[in-house]
Amino acid sequence: MKFTAGQIAGILEGEVHGNPEIAVHKLAKIEEGEEGSLTFLANPKYTSFIYKTKASVTIVNKSFVPEQDLFTTLIKVEDAYKSFSKLLEYYNQVKNNKVGIEEPIFKSDTATYGADVYIGAFAYLGNNVTLGDNVKVYPNVYIGDNVKIGNNVILFAGAKVYSETIIGNNCVVNSGSVLGADGFGFAPNEDGEFVKVPQTGNVILEDNVDIGAGTTIDRATLGSTILRKGVKLDNQIQIAHNVEIGEHTVIAAQTGIAGSTKIGKHCMIGGQVGIVGHIVIGDNVKIQAQSGIGRNVKDNEVLQGSPALNYGDYNKSYVHFKNLPRIISRIDTLEKKD
């Protein structure tokens, strides 16, 4: 896709200083810019690169005044960083604006879809599936029976959506993710063998939820595993059966949450965090990476460690942890003197 500086300025409500007809077809960092690329300058510490960059077009703040000759066309805007982000969003919308149905696919006679959908080759749509408007189903996506998907949803290649799953509007499910697989439910019988407990519930994603690549969200044993609106999950996260995650909570990669745990709103959970089952985590909680959570957590707590401590207590204790060999040596010396 090619855009001229004039077209970009129109999208961003900016002013062109240079050649409005110069075209770009890719994006680049300012220090790596080359002919045909678009870049931006927002951080003053990168200013020196604007005089060296070979990028054809550079977005800058209106306050920018060059002190040397430039080889790049400028687009001046109120806020270069926000404008570049807006342009990235626009670029993604154009790039992902696929429409139509490729062949071959399998679609049940009872599956229905709305306007402007895209269904890629080798996709599978089971019985009673409903897709809203502007849904994008990329190749090799599996959608099981009775799945309901809202408007403006993207399912990237290879995503698997098991039966009875409900997905709201404006959601994104990345490649390799699995929604609605059986929860890890087994019970020992009288012979000590583990027998599977049927998992009869479903998964619900409310509006504006993003699911990273390779993330798995298990169906509930009874009821629903629920991700409330605005939840954002990174790659390779495990969400077990009957977990509920509150609005606008974000979770980084490789975190695992055991069954029936409830997490509040606006929480921030770092990578490789382990959370046991059947606990309640409050609102606005922050959990540092690699922490282990084995208890209920009150609103607004900040935790670190395994098992996790209050963040401030952890940092104070760590001073002593790293000095333990020296402290023990001093104790040994004192005991010998006695």
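Colleague: Why does Tyr142 count as partly exposed?

Modeller: Its relative accessibility is 32%. Buried means under 20% relative accessible area, exposed means over 50%, and partly exposed is in between, with a 1.4 Å probe and protein chains only. The value for Tyr142 falls in between, so Tyr142 counts as partly exposed. Note that this is a predicted model, in which local features need pLDDT of at least 70 and side-chain atom pairs count only at pLDDT 80 or more, while totals for chains, interfaces and linings use all residues. Residues are numbered from 1 along each chain as its sequence is written, and side-chain values use heavy atoms, with hydrogens and water left out.

Colleague: What makes Phe3 buried?

Modeller: Phe3 has a relative accessible area of 19%. The limit for buried is under 20%, so Phe3 is buried. Tyr90, with 32%, is partly exposed.

Colleague: Why are the rings of Tyr124 and Tyr142 called stacked?

Modeller: Rings of Phe, Tyr and Trp (its six-membered ring) pair if their centres lie within 6.5 Å; planes under 30 degrees apart count as stacked, over 60 as edge-to-face and the rest as tilted. The centres of Tyr124 and Tyr142 are 5.2 Å apart and the planes are at 20°, so the pair is stacked. Tyr124 is in strand β12 (residues 124-125) and Tyr142 in strand β15 (residues 142-143), 18 residues apart.

Colleague: How many aromatic pairs does the rule give?

Modeller: The count is 10 aromatic pairs. One of them is Phe3 with Tyr90, which is edge-to-face at 6.2 Å centre to centre and 65° between the planes. This pair links distant parts of the chain: Phe3 in strand β1 (residues 3-4) and Tyr90 in helix α3, 87 residues apart.

Colleague: Where does the charged end of Lys98 sit?

Modeller: The charged end of Lys98 sits over the ring of Tyr118, 5.5 Å from its centre. The rule asks that NZ of Lys or CZ of Arg is within 6 Å of the ring centre and within 35 degrees of the ring normal.

Colleague: In what order do the 10 strands of the open sheet stand?

Modeller: The order is β9-β12-β15-β18-β21-β26-β29-β32-β35-β38, and the pairing is parallel. β9 (106-107) and β38 (292-293) each have a single partner strand, so one side of each is left without a neighbour in the sheet. Strands here are DSSP runs (E, at least two residues), helices are runs of H or I with at least four, and both are numbered from the N terminus.

Colleague: How do you know that β29 is joined to β32?

Modeller: Two strands pair if DSSP finds at least two bridges between them. Strand β29 (residues 238-239) and strand β32 (residues 256-257) are joined by 2 bridges, so the pair meets the rule. Ile239 stands opposite Ile257 in β32. Elsewhere, β24 and strand β27 (residues 224-227) pair in the parallel sense over 4 bridges, and Val203 stands opposite Thr225 in β27.

Colleague: Where is Asp133 found?

Modeller: Asp133 is in the loop between β13 (130-131) and β14 (136-137). At 38% relative accessibility, Asp133 counts as partly exposed. Asp133 and Asp109 are 24 residues apart in sequence and 19 Å apart in space, C-alpha to C-alpha.
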